[in-house]
Amino acid sequence: MSFSAAQWRGHFPLLAAHPKLHYLDNAATGQLCEAALDAVTSHELQHRANVLRGTYRLAEQADAAYENARRQVAAYLNAAGPEEVVFTAGTTAAINLLAHAFGEGLDAGDEVVLSLAEHHSNFVPWQMLRERRGVALRFLPLAADGRLDLSRLDEFVSQRCKLVAVTHASNVTGAVTDLAPLVAAARAVGARVLVDGAQAVQHGQVDVAALGVDFYAFSGHKAFAPTGVGVLWGRSEALAALPPFLGGGGMIGRVTAGETTWAPPPRRFEAGTPPIAQAVGLGAALDWLRAQPWADMHAHTARLAQRLMDGLAVLPGLTFLGPRDLRQRLPIVSFTLAGIHPHDACQILDGHGVAVRGGHHCAQPLMDCFGVAGAVRASLVPYNDEADVGALLAGLKDAMRKLG
Amino acid sequence: MSADDLYQQDILDLANSADGAGRLGAPDGAAQGDSPLCGDRVRMEVRLDGGHIVALAHETKGCLLCRAAAAAIGRRAVGLDAARVAALRGEVAELFAGQAAAVPSWPELQCFEPVRAHRSRHGCVLLPFDVLAAAMDNANRA
C-alpha cells in the first residue's frame, strides 16, 4: 500500500469538511477517522445495549462488539490476550486506576520513580498517592534538551523502588524515552514499570511484549478514535495481583451483606457501564491503523517535521524545546518566541487557519526545567502536509510582525 | 472576529506601558495567582489607607491581554476600595457577557471588548482583577 497524505486526510471526515483547516494540535486530540466513526454509528444503531449483563440477543451482540474491541486493542499492542486490556475513560483514568490499585500495596518508605518530563496525568496521581500512603517520589533528571538523563539510574532506582512510571514520548518535546535501561533497572530491584503511551500509539503500533513493561496506558482520542475511552494494559499476573479501584456493578464475583469478591481482570477494573461504543470505535481505529503503511508514513512525518524545524530555526528569537535529532523524537515540535506569549502567537495563527496549542501543555515541571511558563506546540501526524507547515511558518512571521 | 481585532494598537500600547509594574517596599497585602490554562502568573501588592489603595505594584508574566489588564489596574487603581475593585471586575465580566454598560468606568476597559468573542481568553483579562481582589482581602485581614 502506498501512502498519500491527501488520501489519508480523506479518511478524516472533519478534515474533509474543512479543507482550509491546518490542524496541528494532534498531540492534544487527533481527528476522528471514518473507520472509528462508522463503527460507532453502526454499533449505536444496530447493537446498542449494556454489556456483560443481559442474556437477550441484542445484549449478546453488544457483548461481542465490546469484547472484539478488547481483542483489537490487544492485537495493536501485541498483548498476550484481550484479558490484559482494561477499558478506561482515558490515559488519566488509567493512571489514576493504577495509582490507587497498585498504591494500595505500598507503604511509607516505598518509592515510585517518575521523570520531570511527565504530563500532569502521570505526575499528579503519584503526588496524591504520596499524600495518601507516604510513599516517596523520585524524579529522574533531564538533559538540557529535555530527554531523560539515564546516566545515574542506579541512584534513582533503588531497592526501595516499587514502580517506575515514565512517558513513552514527551507531549512537549516529542523526545522518545529509551525504555530498555529503565526496564532493566526496574527488573533488577523487582519493581514494576508503567509507561504513559498517550503520545506514542498514534505514531505506529506498540509492542508491549518487546518493550518488556508491566503496564501501558493510552487514550483513544489521540489515536483517531472517540473521546472518553482509553486503555490500561497490564501483564496478566500484574493485573491479577491488584485490588479493584472503583466498586460497583460488573466488577464483582459475588456480593453479600457481609462481603464482596472480585471478578477477575479485566472486569475487576471496569466498574459500572463502560464506554462501550467508544471502545468499539477505538478497536476499529486501531485495526485500521494497523493496516497502514507505517514506514512510508514515518518517512512523511519526519520529512515534514524536518521542514518545520528548518523553517523555525531561521526565525529570530525562536528557541526549540527538545532534541533536534529526529531519530530521538516524534514529530511534536515545541518552541518559544522571544517577547511573544504562546497564547498570543496561537491567536494570530488561528487567524491563518492554523490550530496549534500554546501554554504549559500540562507539563509544568518540564516547563520549569526549561525555565519558561509555556510554549507553542505543533504536533504532526500523517494527514498533515506541506501546506500545513507552510501556513504555520507564514502565520508565525505575521505574529512576529504584529507582536514582536 | 479576527486576531487583528484583538491585537489593536491601543491594547498593545496598554500592555507595553507596563504601568504599575514592580514591587512595593512594604505592602499591606499581596497575592499571587496563576492561570491553570497557560501558567501565567500575576502578583499584586497593595498599600491601603482606610481600605482604599494608596499604592499598588504588580509583577505580571503573561500574555498581552493579561499584561494589558494588569497595566490598566496599575494606571487606575489608586483610590479604589475592595467593593469598587469587585465592581470593575464585574464590568469586565459583563463586557464579555455582552451586557456592558455603555461607557466603562475606565476608558482602558473598552479595548477588551473584542476579547468577548474569544471565550478561552476571558480568564487572561480577569486574572489581574482576581489577584488584586485577593491582595486587598489579605491587606484588609492583616
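In this predicted model, strand β9 (residues 252-255) of chain A and strand β10 (residues 260-262) of chain A run antiparallel and are joined by three bridges. Strands are DSSP runs (E, at least two residues), helices are DSSP runs of H or I with at least four residues, and both are numbered from the N terminus; two strands pair if DSSP finds at least two bridges between them. Within this pair, A:V255 stands opposite A:T260 in β10(A).

Residues are numbered from 1 along each chain as its sequence is written, and chains are lettered from A and ligands numbered from 1 in the order in which they are written.

Chain A is assigned domain 1 (5-31 + 293-403) and domain 2 (37-290), the bounds coming from an automatic or database domain assignment. The C-alpha centres of these two domains of chain A are 28 Å apart. Contact between them involves 26 residues of domain 1 of chain A and 26 residues of domain 2 of chain A, two residues being in contact if their C-beta atoms, placed from the backbone, lie within 7 Å. On the side of domain 1 of chain A that touches domain 2 of chain A, at least two residues each are supplied by α12 (294-313), β12 (332-337), α14 (364-370) and β15 (375-379) of chain A. This side of domain 1 comprises 16 nonpolar, eight polar and two charged residues. Here Ala, Val, Leu, Ile, Met, Phe, Trp, Tyr, Cys and Pro count as nonpolar, Asp, Glu, Lys and Arg as charged, and the others, Gly among them, as polar.

Strand β12(A) is mostly covered, with six of its six residues buried. A residue is termed buried if 20 or more other C-beta atoms, placed from the backbone, lie within 10 Å of its own. One face of β12(A) carries A:I332, A:S334 and A:T336 and the other A:V333, A:F335 and A:L337, all of them buried. Four bridges link β12(A) to the antiparallel strand β11 (residues 318-321) of chain A, and four bridges link β12(A) to β15(A), also antiparallel. A:S334 of β12(A) is the bridge partner of A:L321, while A:R377 in β15(A) is the bridge partner of A:S334.

Between the chains, the contact takes 17 residues from chain A and 15 residues from chain B. Helix α1 (residues 3-6) of chain B contributes three residues, the largest share of the side of chain B that touches chain A.

How values were computed:
Predicted model: local features only at pLDDT ≥ 70, side-chain atom pairs only at ≥ 80, totals over all residues. Buried ≥ 20, exposed ≤ 12 C-beta atoms within 10 Å, placed from the backbone.
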